[in-house]
Amino acid sequence: MAYHIVKLFEYQGKEIFKQYGIEVPRGFLVGERNDIKKIDMPFPWVMKAQVLVGGRGKAGGVKFAHDIEEAEKIFDEFMGMEIRGEKVKKVLVEKKMEGRESYLSIFLDRSRRKYLMMFSPEGGVDVESMKGKIKKIYIDPLSGLQQYHLRRLDKEARDVARKMYKIFTEKDCELVEINPLLMSGGDAIALDSKIIIDSNALYRHPELPKENFGLTPLEREAKEKGISFVQLDGNIGVIANGAGLTMATLDALHEFGGRGGAFLDLGGTDDLEKVKQALEIIVKAKPRVVLINMFGSITKCDTVAKGIIKFMEENETPDIVARIKGINEDVARDMLGNYVIAVDSLWEAAKKASEVGGG
């Protein structure tokens with residue numbers, strides 16, 4: 001699969017925000033314990049583990065310190081921590097700020113071939129549960145961001161949205177997200193940053209950091225095994241074969257409110273061990289449910305079924321929804337009957353996975 005992405009750490013994203021005039025809290029990047037005492041900033045502090053995966057807050061990667069002793073203790077905890085398989089190597093320390101938290105993002109909606117701006121007057125770690133409060137604003141890439149788009153946002157968020165859109169288009173982004181965006185005294189301050197860039201555009205951006213071309217530890221592990229794998233923040237893991245079928249599966253999940261997370265292109269393999277390795281990688285990403293959407297041509301369906309069964313008999317797995325078509329599909333369906341939730345169509349698979357995954 002040629003498609004790949006480059007994720008930026010929070011502190012790197014905030015550097016870009018500052019370049020474009022988006023306000024961020026005063027902060028210090030710390031990699032050594034001794035640097036904690038060098039920070040000249042009044043307490044309380046917010047300390048944030050720097051990782052390239054989502055779910056940091058719920059995993060205990062964001063904590064508040066009220067004095068130096070507490071800050072050093074938190075730093076020690078973070079440096080021995082792994083979040084979704086990624087080891088923490090740096091900590092961002094910022095001044096704790098108060099105000100109303102909101103959510104703002106811009107990303108590509110491939111199914112509509114448009115940019116999608118999303119805004120919620122409430123933000124934070126539970127933004128996924130606020131579906132009824134989120135405004136969706138579709139933007140035609142040819143005409144760009146217009147004033148009538150911005151008028152749908154809270155007044156304080158409009159200038160930030162304009163600058164985010166500029167970052168999104170000028171840096172060839174897949175996603176620009178601020179959660180939370182703090183509203184305080186008429187100002188809007190980015191308390192967090194998430195920026196994802198299309199790796200195919202990297203040649204146009206020599207200014208971007210080069211030390212992490214989008215590879216999380218799991219993505220590196222998959223690459224070493226010859227598996228095309230991308231780790232995102234959704235709660236549904238996807239295994240398909242072929243870039244087109246993989247992207248179509250993610251689009252189908254989107255239609256039913258499902259959040260495709262880690263996705264893996266198994267390609268044209270007829271190797272039972274490769275199927276097991278694919279499941280091993282996906283399960284390590286800790287999705288709520290795994291959706292397997294396979295079309296067997298080079299890959300025989302019963303080979304895929306054997307790999308699934310062997311892995312499930314040897315490991316704990318989340319629920320698996322499987323739609324497998326092609327050579328020996330009847331044999332595969334019979335084999336998998338007691339192991340997975342078997343369905344016949346892509347839409348049925350996407351709907352079921354979205355229901356099981358909780359949307």
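The legends below describe close-up views of a predicted model.

Local features are given where pLDDT is at least 70, and side-chain atom pairs where it is 80 or more, whereas totals for chains, interfaces and linings use all residues. Residues are numbered from 1 along each chain as its sequence is written, and side-chain values use heavy atoms, with hydrogens and water left out.

**View 1. An open sheet is formed by 4 strands in the order β2-β7-β3-β4.** Strands are DSSP runs of E of at least two residues, helices are runs of H or I of at least four, and both are numbered from the N terminus. Two strands pair if DSSP finds at least two bridges between them; here the pairing is antiparallel. Because β2 (27-30) and β4 (62-65) stand at the edges with a single partner strand each, one side of each has no neighbour in the sheet. From one strand to the next, the twist averages 25°. Strand β2 is joined to β7 (residues 91-95) by 4 bridges, and Val30 has Val91 as its bridge partner in β7.

**View 2. Helices α1 and α2 lie across strands of the sheet.** Contact means heavy atoms within 4.5 Å. Axes are lines fitted to C-alpha atoms, for helices over the stretch in contact, and angles run from 0 to 180 degrees between N-to-C directions. Helix α1 (residues 10-19) lies across β2, β3 (45-49) and β7, at about 50° to β7. Helix α2 (residues 68-79) lies across β2, β3, β4 and β7, at about 160° to β4.

**View 3. Arg56 forms salt bridges with Glu10 and Asp192.** A salt bridge places a side-chain nitrogen of Lys or Arg within 4 Å of a carboxyl oxygen of Asp or Glu. The closest N and O atoms of Arg56 and Glu10 are 2.8 Å apart. Arg56 lies in the loop between β3 and β4 and Glu10 in helix α1, so this pair ties together parts 46 residues apart in sequence. For Asp192 and Arg56, the N to O distance is 3.4 Å. Asp192 lies in the loop between β12 (187-190) and β13 (194-198), so its pairing with Arg56 ties together parts 136 residues apart in sequence. Relative accessible area (1.4 Å probe, protein chains only) defines buried as under 20%, exposed as over 50%, and partly exposed as in between. Arg56 is buried at 12%, as are Glu10 at 4% and Asp192 at 18%.

View 4. Arg333 is partly exposed, at 31%.
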